[in-house]
Amino acid sequence: MKLLIVLLAVVAGALAANIRGKSHNGLRSILVEQGVIRSKEFRRRDIGTRIVGGNPGDINQIPYIIALHEIGWGQICGGVIITATRALTAAHCTEWFPEYPLEVQAGSNNIHTGGQRVLVTAAIDHPQYDDWTLDNDISVLYLAGALNLALPGIATIAMPAQGAGTAVGTSARVSGWGALYEGHPGVDYLRYVFVPVISNADCNALNGGGITAGMICAGFPEGGRDACQGDSGGPLTAGNQVIGVVSWGWGCARPNSPGVYARVSYYRNWIDSNL
């Protein structure tokens with residue numbers, strides 16, 4: 001059995017170099033995402049990444065972000081506070097819930113300590129979420145208790161109206177505790193980076209297809225700045241609104257490989273119906 005685990009770890013490590021899923025929670029998650037444990041979970045795209053080429057963050061400047069923890073494993077994804085008892089994250093972060101229980105941590109730069117922790121009682125994944133194409137990769141989290149919005153570093157953020165657009169070239173901030181570069185483990189302290197929004201048409205061309213109306217893309221042609229493993233579900237914000245939820249991309253911060261996010265304005269009516 002020990003030899004089998006070692007061999008699986010080697011296989012997973014080799015595969016992980018080319019797959020960028022934005023979530024991570026240790027060996028089990030890597031094996032799952034690479035299809036070693038469940039072949040249906042193998043994805044041609046990478047889910048969940050960390051902040052590459054960014055800066056240290058301050059929770060008081062990004063008070064709407066939460067760390068999503070899998071109890072017993074640690075931080076796996078990010079999320080964003082939209083009410084005292086509701087948060088958004090990526091559906092690929094919650095597809096193992098409630099088999100693997102979750103809790104959110106708000107109000108702390110450090111994923112290991114501080115802030116307020118609250119159990120997740122329900123995760124409402126979009127009914128058309130596709131774990132292969134990562135279309136409709138969005139989920140509403142129900143919390144067991146209210147987050148204390150009177151505490152420093154804990155606040156809600158507004159959402160755009162249904163169908164609202166975001167101008168190409170808009171500088172948007174993506175935040176999280178993800179990897180500093182492709183294949184690197186996650187970090188303990190919050191980070192952020194600004195990336196420009198690009199058109200869905202350009203994003204579709206760069207990614208070889210697969211970009212839907214429910215997605216929004218952001219990144220530099222030269223790469224270098226991006227989300228990465230561990231940032232999945234975290235917020236992409238502009239104009240004091242959350243415009244995207246970290247979803248997927250090819251590798252991390254590669255040239256001509258923009259990050260892809262669930263477009264919040266596309267799902268606003270659905271989100272409101274599940275609050």
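Modeller: Helices (H or I, at least four residues) and strands (E, at least two) are DSSP runs, numbered from the N terminus. Two strands pair if DSSP finds at least two bridges between them. The model is a predicted one: local features need pLDDT of at least 70 and side-chain atom pairs count only at pLDDT 80 or more, while totals for chains, interfaces and linings use all residues. Residues are numbered from 1 along each chain as its sequence is written, and side-chain values use heavy atoms, with hydrogens and water left out.

Colleague: How many residues lie between β5 and β6 in their hairpin?

Modeller: Two residues lie between β5 and β6. The two strands pair in the antiparallel sense over three bridges, and Ile81 has Ala87 in β6 as its bridge partner.

Colleague: How many bridges join β4 to β5?

Modeller: Six bridges join β4, residues 65-70, to β5, and these strands run antiparallel. Glu70 is bridged to Gly74 in β5. The hairpin of β4 and β5 has three residues between the strands, and there Gly72 takes a positive phi near 95 degrees.

Colleague: Which strands make up the closed barrel?

Modeller: The barrel has six strands in the order β4-β5-β6-β9-β8-β7, with antiparallel pairing. Neighbouring strands of this sheet are turned by 45 degrees against each other on average, direction ignored. The axes behind such angles are lines fitted to C-alpha atoms, for helices over the stretch in contact, and angles run from 0 to 180 degrees between N-to-C directions.

Colleague: What pairs with β6 in the antiparallel sense over four bridges?

Modeller: That is β9, residues 139-143. Leu88 stands opposite Val140 in β9.

Colleague: Which strands does helix α4 lie across?

Modeller: Helix α4, residues 264-273, lies across β5, β6, β8 and β9, and runs at about 50 degrees to β9. Contact here means heavy atoms within 4.5 Å.

Colleague: Why is β5 described as largely enclosed?

Modeller: Eight of the ten residues of β5 are buried, so the strand is largely enclosed by the rest of the structure. Buried means under 20% relative accessible area, exposed over 50%, and partly exposed in between (1.4 Å probe, protein chains only).

Colleague: Turning to the cysteines, how many disulfides does the structure hold?

Modeller: It holds three disulfides, a disulfide being a pair of cysteine sulfur atoms within 2.5 Å. With bonded cysteines counted along the chain, they follow the pattern 1-2, 3-4, 5-6.

Colleague: What is the handedness of the disulfide of Cys77 and Cys93, and why?

Modeller: The torsion about the S-S bond of Cys77 and Cys93 is about -90 degrees, so this disulfide is left-handed. The pair links distant parts of the chain, 16 residues apart: Cys77 is in strand β5, Cys93 in the loop between β6 and β7. Their sulfur atoms are 2.1 Å apart, and both cysteines are buried.

Colleague: Where do Cys203 and Cys217 lie?

Modeller: A disulfide joins Cys203 to Cys217, S to S 2.1 Å. Cys203 lies in helix α3 and Cys217 in strand β12, distant parts of the chain 14 residues apart. The link is left-handed, with -80 degrees about the S-S bond.

Colleague: And is the link of Cys228 and Cys252 left-handed or right-handed?

Modeller: The link of Cys228 and Cys252 is right-handed, with 80 degrees about the S-S bond. Cys228 lies in the loop between β12 and β13 and Cys252 in the loop between β14 and β15, so the pair ties together parts that are 24 residues apart in sequence. Cys228 is buried with a relative accessible area of 0%, and Cys252 is buried with 7%.
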